[in-house]
Amino acid sequence: MPHQPKQGPDPSLAYRPNLEVDKTKEKEDYRNFKSGNLIDRVFNTYKLMHTNQTLDFVKQKHSVWAGCNHDHKRMMDAIMSLDQLVDESDPDVDFPNSFHAFQTAEGIRQAHPDKDWFQLVGLIHDVGKTMAFWDEPQWAVVGDTFPVGCKFQNSIVFRDNTFMDNPDEKTFSYNTENGIYESNCGLDKVLMSWGHDEYLYRVMKFNNCSIPEQGLYMIRFHSFYPWHSHGDYMHLCNDKDLRMLPWVQEFNSIFHPFHSKFDLYTKSTELPDVDKLKPYYQSLIDKYCPGVLKW
C-alpha cells in the first residue's frame, strides 16, 4: 500500500466549502500564470520541475514506473483516490482532482454523446497523478510537459526564469532544435518531461486497455501545451502525430477554434453529483479498462 508522500500533495488541501466561487470568470482567465491567489505555489512547482527534469531523470523514471509493479487496483478506486490531491501546478482550481474528472467527462458527454471512449478519457485523464502517493514530488507528477533532450522552446510556461539551473540547458547537444532526435521521428520516439500523462499512457498499454488511439493521444499529450496550443515541436512530429493533433486540441486546447474545451473550461467550483454519475462511468470502465489493473 502507498504511504503518504513527504513531498507533493498535502491532504489538508482538500476542497474547502468556503472556497471563493467566481461565476463570472471568463475563458481568457483560465491558464492565468501571471496573477491570482495560487501563483506562488504554481511558480514554485514549475521552478522545481524545470530545474530537475533532465534527460537522465526522465530515463530513470521510465525504468521505475514502466513495469507497473507498484499496485493493483480498479480504475474507479484510482479516480476516487485523487480526492487527496490538489494539483500545485494548476492556477485554475484549488479543489480535488476527482471532481474535475467527473466535470470533464460530463462536458464531453454533453457534446459527444456517441463517443463513450471520449467520455471515459475525460474521466481518467488525470489518474496518473496517483504517482504522488508513492513519494513522487508534484513537479514529477503534475503540470505542463515538454520534450527533454532538445532545445527548450519559448512557449514552455515560465521559460525565461525557471531553467537556469537545469544541467541540460548547458549541454550543447541537447540545445539544438532536434537535439538527440531526428526530424519527423514521431512523438512516440521523443522523451517527454516525466509526469502523469506518460505514466497513465503506460498503464493503459501495459494492461491492454481498448481505448482507441485518439484517446491514448489525449491521455499522453493533454499537458503538452507547447505542442497542441502553441504549435511548437512540429519538426519532431510524423504524419500520425499530425492526424491525432486535432483530437488532442478538441480535448483541451485553449487556442483551438473548436467549441468544446473540455479539460480546461470545466474547472469550475460547481461540483458534480459523483454518486449519481458513478454507475454510468463504471459501465464505461468495464468496457474499456475492466477489472483490477496493474499500476
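## Burial and the overall fold

A residue counts as buried here when its relative accessible area is under 20%, as exposed when the value is over 50%, and as partly exposed in between. The structure is a predicted model, and of the 295 residues of the protein, 57% count as buried by that criterion.

The secondary structure comprises 12 helices and 2 strands, and from the N terminus on the elements run α-α-β-α-α-α-α-α-α-α-α-α-α-β. Among contacts in the protein with a separation of 6 or more, 79% are accounted for by residues 24 or more positions apart.

## The annotated binding site and Asp144

An unreviewed UniProt entry places the feature "binding site" at Arg31, Asp87, Glu88, Ser89, Lys129, Gly143, Asp144, His222 and Ser223. One of these annotated residues, Asp144, is located in the loop between α5 (116-124) and α6 (159-162). Its relative accessible area is 9%, and Asp144 is therefore buried, given that the cut-off for this class is under 20%.

## The enclosed helix α5

Helix α5, at one end of the loop that holds Asp144, has 9 of its 9 residues buried, so this helix is largely enclosed by the rest of the structure. The buried residues are Asp116, Trp117, Phe118, Gln119, Leu120, Val121, Gly122, Leu123 and Ile124.

## Helix α2 and its two sides

In helix α2, which spans residues 55-65, the buried residues are Leu55, Phe57, Val58, Lys61, His62 and Trp65. They lie on the same side of α2, because the arc that they cover around the axis is only 160 degrees. On the other side of the helix, Asp56 and Ser63 are exposed.

The buried residues of α2 pack against two other helices, namely α1 (39-52) and α7.

## The packing of α7 with α8

Two packed helices are described by the angle between their axes and the distance between the axes. For helix α7 (residues 196-206) and helix α8 (residues 213-221), the angle is about 145 degrees and the axes are 6 Å apart. On the α7 side, the contact is made by Asp197, Glu198, Leu200, Tyr201, Arg202, Met204 and Lys205, while α8 contributes Leu216, Ile219, Arg220 and Phe221. The residues of this contact divide into 6 nonpolar, no polar and 5 charged.

## Aromatic pairs and a cluster

A search of the whole structure finds 18 aromatic pairs.

Phe102 and Tyr281 form another edge-to-face pair, with centres 6.0 Å apart and 80 degrees between the planes. This pair links distant parts of the chain, with Phe102 in helix α4 (residues 97-111) and Tyr281 in helix α12 (residues 274-288), 179 residues apart. Phe102 counts as buried at 0% relative accessibility, and Tyr281 is likewise buried, with a relative accessible area of 0%. Elsewhere, Tyr217, Phe221, Phe224, Trp227 and Tyr233 form one aromatic cluster; Phe221 is also one of the residues through which α8 contacts α7.

## Backbone features in the loops

Phe158 has a positive phi of about 60 degrees although it is not a glycine, and its place is in the loop between α5 and α6. Asn184 is another residue other than glycine with a positive phi, in this case near 55 degrees.

## His228 and Asn252

His228 lies in helix α9, which covers residues 225-228, and counts as buried at 1% relative accessibility. His228 and Asn252 are 24 residues apart in sequence, and their C-alpha atoms are 8.7 Å apart in space.

How values were computed:
Residues numbered from 1 in each chain as written. Predicted model: local features only at pLDDT ≥ 70, side-chain atom pairs only at ≥ 80, totals over all residues. Heavy atoms only, no water. UniProt positions renumbered as here; feature names shortened; annotations may be inferred. Helix = DSSP H or I, 4+ residues; strand = E, 2+ residues; numbered from the N terminus. Buried < 20%, exposed > 50% of the residue type's maximum accessible area, 1.4 Å probe, protein only. Axes fitted to C-alpha atoms, helices over the stretch in contact; angles between N-to-C directions. Contact = heavy atoms within 4.5 Å. Nonpolar A, V, L, I, M, F, W, Y, C, P; charged D, E, K, R; others polar. Arc of directions from axis to C-beta. Phe/Tyr/Trp six-rings, centres within 6.5 Å; stacked < 30°, edge-to-face > 60°.
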